[in-house]
Amino acid sequence: MNAAPADQIRLLDLQAIDSRLDQLAHRRRTLPELAEIDKAAADHAALKDLVIAAQTQLSDTTREQTKAEQDVEQVRARAARNQQRMDSGAVTSPRDLENLQHETGSLAKRQADLEDVVLEVMERLESSESRVTELTARLEHSTVVLQEAEARRDAAYAEIDTDAAKVQRDREAVAVVIPADLLKLYVRLRQQQGGVGAARLQQRRCEGCRVEFAVSDLNAIKAEPRDAVVRCDNCGRILVRTAESGA
Ligand SMILES: [Zn+2]
């Protein structure tokens, strides 16, 4: 393949532009905000689960409290009925009276026990409530952390995309004047060779793979016509000779 030396040198400009675009794309993929967002999203999801579990526990304990209060109320009502019957004088049989008094004593004991249960449930209810409050606050905070990281990511994206659009316009201006076959070869090599398709011959070295040519190889390169498109024997990249190449 042949190409004017000026077009070969333009290939180096294009390479620099493409490397810049690659850097921008790499920066976009590896923004520190992305790892931050992953972590914040995981924290947020874990906290959400904890809030749901705490809310479930709270509603279970609330039901337990209602039940415990109803139990106390039942016993209290029954004791009140007994008292009323005794006070009314309707119960005259000494044996019945004795039974009623005995039951009243048992009910008082039972009521005291049940009131202890109510107190114990109430303590658990309070701690359930504070856990829901605490976890909800932490969940809200984690939402803010996540949103802030997303906002910073979006700002970085916007900046990178603006830069990339500008560099892309530069690329089009350079690429349009490079002969199609040379451009095609460069694009193919760039894909094969980790993003670098064209490299300068600098002193005795290929700047693509850094291999230093033997004098005999260098002489062979020098012997090529100026418009010959030379490829590096080692890496296969287009080897561009410039005024400083020494070849
Ligand atoms: Zn090379």
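Predicted model: local features only at pLDDT ≥ 70, side-chain atom pairs only at ≥ 80, totals over all residues.
Cys206, in strand S2 (residues 205-206), and Cys235, in the loop between strand S3 (230-231) and strand S4 (238-241), are 29 residues apart, and the pair links distant parts of the chain. Cys206 is buried, with a relative accessible area of 0%, and Cys235, at 11% relative accessibility, also counts as buried.

## The strands around S4

Strand S4 is paired with two other strands. With strand S1 (residues 198-202) S4 runs parallel, joined by four bridges, and Ala199 stands opposite Leu239 of S4. With S3 the pairing is antiparallel and extends over two bridges, where Arg231 has Ile238 in S4 as its bridge partner. S3 and S4 form a hairpin with six residues between them, and in the turn Gly236 has a positive phi of about 85°.

In a regular strand, side chains alternate between the two faces of the sheet. In S4, Ile238 and Val240 lie on one side and Leu239 and Arg241 on the other, and all of these residues are buried, so that both faces are covered.

Side chains of opposite charge can pair when their charged atoms come close. Glu36 forms a salt bridge with Arg152, with the closest N and O atoms 2.8 Å apart. Because Glu36 lies in helix H2 (residues 32-88) and Arg152 in helix H3 (residues 94-175), this pair ties together parts that are 116 residues apart in sequence. Glu36 is partly exposed at 34% relative accessibility, and Arg152 is partly exposed at 37%.

Within helix H3, Lys109 and Asp113 are four residues apart, which means that about one helical turn separates them, and their side chains meet in a salt bridge at 3.0 Å, N to O. Lys109 is exposed, with a relative accessible area of 51%, whereas Asp113 is partly exposed at 35%. Asp170 and Lys166 are likewise four residues apart in helix H3, and their salt bridge has an N to O distance of 3.8 Å. Elsewhere, Asp18, Asp22, Arg171 and Arg190 are linked in a network of salt bridges.

Methods:
Residues numbered from 1 in each chain as written. Heavy atoms only, no water. Buried < 20%, exposed > 50% of the residue type's maximum accessible area, 1.4 Å probe, protein only. Pairing = 2+ DSSP bridges. Salt bridge = Lys/Arg side-chain N within 4 Å of Asp/Glu carboxyl O.
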